[in-house]
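Visitor: I would like a quick tour of this model. Could you take my questions one at a time?

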Amino acid sequence: MEKIGSDLYAALIVGERWKIYLEGLANTLLLSLIACLVGVLIGVTIALLKTAAAGKKSVGWRVIAGICEFYTTVIRGTPVIVQLLILYVLVFNSSFAACIAGFGINSGAYVSEIIRSGIASIDPGQMEAGRSLGLPQGKTMRLIILPQAVKNILPALFNEFIALIKETSVAGYIAGRDLTKMSDALRLRTYNSMPLFIAAAIYLVLVVGLTAVQKRLERRLARSDRS
């Protein structure tokens, strides 16, 4: 116990090292939030394009559908670390920019499937009803279909954000100053593994807290469906 106490003191108190964890946590949350927004934008675009291309026989729509399918297949089929390294080495000089692009592009592939499944869960009669009222397809999708789909997929999108927070722990591979990277740097300075346990505890508290919010959101949505 005495060694654990001394290791904890060295990892947190000496030199106000607790501030380093806060900096890493802030970077992790900022990176996750921005990457999630990028992922949602990409995901919505891909999902709408795939939905619009479904059943279309024109060459243009088939090419668009093929490009979207290629994107989701490649991104979901390759490790996010490899994607980050390619972006960092070949495209960006900034590790933060590479992380935002990498995690955003990676998340977009998964979000697109979530949104597409949400759109598919809506009764096709909703689209027909909107068209019968004189609304064009795009406006019907925006005003009638998407609002209902978002309600169905909101818990899944929240879960994707939680997963993204954990995935950012590999940002250190391209010198990203996230919580894991900062904690590992402290490990080298303190000559003990306590900083990694502290980082793990922070991730655990963060994920458990966000999961509780997600479950509360699901219960509220379930109550609204019954009312």
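This is a predicted model: local features need pLDDT of at least 70, side-chain atom pairs count only at pLDDT 80 or more; totals for chains, interfaces and linings use all residues.

Visitor: What part of the protein chain do buried residues make up?
Guide: Buried means under 20% relative accessible area. The protein chain has 227 residues, and the buried share is 37%.

Visitor: Is I115 buried or exposed?
Guide: I115 is found in helix α5. Its relative accessible area is 5%. The cut-off for buried is under 20%, so I115 is buried.

Visitor: How far apart in space are I115 and I46?
Guide: In sequence, I115 and I46 are 69 residues apart. In space, C-alpha to C-alpha, the distance is 9.1 Å.

Visitor: Which residue forms a salt bridge with E113?
Guide: Side chains of opposite charge can pair when their charged atoms come close. For E113, the closest N and O atoms of the pair are 2.9 Å apart. That is within the 4 Å limit for a salt bridge. The partner of E113 is K50.

Visitor: Which helices hold E113 and K50?
Guide: The salt bridge joins E113 and K50. The two residues are 63 apart in sequence, so the pair ties together separate parts of the chain. E113 lies in helix α5, and K50 in helix α2.

Visitor: Which residues are linked in a network of salt bridges?
Guide: The pair of E113 and K50 is a salt bridge. Both residues belong to a network. Its members are K50, E69, E113 and R116.

Visitor: How many salt bridges does the count come to?
Guide: The criterion is a side-chain nitrogen of Lys or Arg within 4 Å of a carboxyl oxygen of Asp or Glu. By this rule the count is five.

Visitor: Where does R177 lie, the partner of E23 in a salt bridge?
Guide: The side chains of E23 and R177 meet at 3.0 Å, N to O. The pair links distant parts of the chain, 154 residues apart. E23 is in helix α2. R177 is in the loop between α7 (137–167) and α8 (179–190).

Visitor: What relative accessibility does R177 have?
Guide: E23 counts as partly exposed at 35% relative accessibility. R177 also counts as partly exposed. Its value is 48%.

Visitor: How many helical turns separate D184 and R187?
Guide: D184 forms a salt bridge with R187, with the closest N and O atoms 2.7 Å apart. At 26% relative accessible area, D184 is partly exposed, and R187 counts as partly exposed at 29%. The two residues are three apart in helix α8, so their separation is about one helical turn.

Visitor: What value is phi of A175 near?
Guide: A175 is found in the loop between α7 and α8. It counts as partly exposed at 44% relative accessibility. Phi is positive here, in a residue other than glycine, and is near 70°.

Visitor: Is Y191 buried or exposed?
Guide: Y191 lies in the loop between α8 and α9 (194–226). Its phi is near 60°, a positive value in a residue other than glycine. The relative accessible area of Y191 is 76%. Over 50% means exposed, so Y191 is exposed.

Visitor: What accessible area does the nonpolar patch with V82 have together?
Guide: V82 has its place in helix α4 (residues 80–90). At 40% relative accessibility, V82 counts as partly exposed. The surface patch is formed by V82, I86, V89, L90 and V91. Their accessible area together is about 490 Å².

Notes:
Residues are numbered from 1 along each chain as its sequence is written. Side-chain values use heavy atoms; hydrogens and water are left out. Patches are made of residues with over 30% relative accessible area and no salt bridge: like charges are joined within 9 Å, nonpolar side chains (Val, Leu, Ile, Met, Phe, Trp, Tyr) within 5 Å. Accessible areas come from the Shrake-Rupley method with a 1.4 Å probe; for residues, only the protein chains shown count as cover. Helices (H or I, at least four residues) and strands (E, at least two) are DSSP runs, numbered from the N terminus. Buried means under 20% relative accessible area, exposed over 50%, partly exposed in between (1.4 Å probe, protein chains only).
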